[in-house]
Amino acid sequence: MKRPRSSHYVHGTAPSEQRRLSRMNDLLNEASLRELSVRPGDRILDLGSGLGQFSRAMARAAGPEGRVVGVERSPGQRAQARALARAAGEGALVEFRAGNAEDPPLAPEEWGSFDLAHARFLLEHLPEPLAAVRVMVRSVRPGGRVVLTDDDHDLLRFHPACPPLERVWTAYVASYARHGNDAFVGRRLVGLLREAGARPHRARWIFFGGCASEPHFSALVANLEGVLRSGREDALATGAIDRAAFDRGLAELRRWSRAPDATFWYGLPWAEGVAPFSPRRARRST
């Protein structure tokens, strides 16, 4: 079998990035969980579980009869996920495992046993996202759900317009292609589900944006700045922007955010598919 090319995570795992991801979870998880509709007793596989905050949210929704396995390749992310879980008194809520999304560490009897396979902000960092989606379809029982949430970086809009900031964003988005990744994979989620063998069932948006008058706007701006800072070297390597212009764009972001009508609009594509019923899959899940 052809081995997938290795993934590249542009943001790294420095402490500042860990803090940004944690704050982003706080902003996103409630809406994501509401859309996901976890059921009591669900057995869930969370690929690219990161800091594990959403893994734990799913585990709480699944209740004591449920089970969540989180798979994360980064040792730093896994260590922080366990630390956050212990600090919340939830050290045993999720089983965090080391592994890659394309080849997760599942026992033979676990394949075809999960009710739900979930991945968020994972596929954009994989040169071959279809390999991970196929794994997800294989991991769930016949009729089990596969849910994908990922970025389409073309969907960000600023008002008032801020050309220096938009130039930084364009260079950041271009950096994905340098590593063979797809910054627009969100628009492909339904197609990936179908190609992986699932029956696409729903497509939705999760809104991630706001305006200056909202209490969480400063956190949204801080997250955007953190995204750009962590992707700085990759963006500079594209040649689409130089260091001075990049720094000027970040300074303009802070200035722009103080405008009374400052708004940015961003939507996260969300798609759900259902694994097929077939004699072969039924035998695998027993």
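This is a predicted model: local features need pLDDT of at least 70, side-chain atom pairs count only at pLDDT 80 or more; totals for chains, interfaces and linings use all residues.

1. Leaving aside residues up to four places away in sequence, S175 is in contact with D234, A235 and T238.

2. Helix α5 also packs against helix α7 (residues 217–230), with the two axes 10 Å apart and at an angle of about 50 degrees. An angle of that value makes α5 oblique to α7, and the crossing of α5 past α7 is left-handed. On the α5 side the contact is made by L165, V168, W169 and Y172, and on the α7 side by L224, V227 and L228. When these residues are sorted by class, the contact of α5 with α7 has 7 nonpolar residues, with no polar and no charged ones.

3. Two of the α5 residues in that contact, W169 and Y172, deserve a point of their own. They are 3 residues apart within helix α5, which corresponds to about one turn of the helix. W169 counts as buried because its relative accessible area is 11%, under the 20% limit, and Y172, at 1% relative accessibility, is likewise counted as buried.

4. On aromatic pairs, a search of the whole structure finds 7. Elsewhere, ring pairs link F158, F217, W256 and F264 into a cluster.

5. As background, most residues other than glycine have a negative phi, and most peptide bonds are trans. Here, H159 and P160 are joined by a cis peptide bond, with omega at about -5 degrees; P160 is placed in the loop between β6 (157–159) and α5.

6. Positive phi values also call for a look. S37, although not a glycine, has a phi of about 55 degrees, and it is found in the loop that runs between α1 (15–36) and β1 (43–47). With a relative accessibility of 40%, S37 counts as partly exposed. F121, also not a glycine, has a positive phi of about 55 degrees and is located in the loop between β4 (114–120) and α4 (129–139). F121 counts as buried, since its relative accessibility is 18% and the limit for that class is under 20%.

7. A last point concerns S113, which lies in the loop between β3 (95–98) and β4. How far apart in space are S113 and P142? Their C-alpha atoms are 8.6 Å apart, although the two residues are separated by 29 residues in sequence. Not counting residues up to four places away in sequence, S113 touches R43, S139, V140 and R141. With a relative accessible area of 15%, S113 is buried.

Conventions
Residues are numbered from 1 along each chain as its sequence is written. Side-chain values use heavy atoms; hydrogens and water are left out. Contact means heavy atoms within 4.5 Å. Axes are lines fitted to C-alpha atoms, for helices over the stretch in contact, and angles run from 0 to 180 degrees between N-to-C directions. Helices (H or I, at least four residues) and strands (E, at least two) are DSSP runs, numbered from the N terminus. Angles under 35 degrees count as roughly parallel, over 145 as roughly antiparallel, 65 to 115 as roughly perpendicular and the rest as oblique. A crossing is left-handed if the near helix is turned anticlockwise from the far one by less than a right angle, and right-handed if clockwise. Ala, Val, Leu, Ile, Met, Phe, Trp, Tyr, Cys and Pro count as nonpolar, Asp, Glu, Lys and Arg as charged, and the others, Gly among them, as polar. Rings of Phe, Tyr and Trp (its six-membered ring) pair if their centres lie within 6.5 Å; planes under 30 degrees apart count as stacked, over 60 as edge-to-face and the rest as tilted. Buried means under 20% relative accessible area, exposed over 50%, partly exposed in between (1.4 Å probe, protein chains only).
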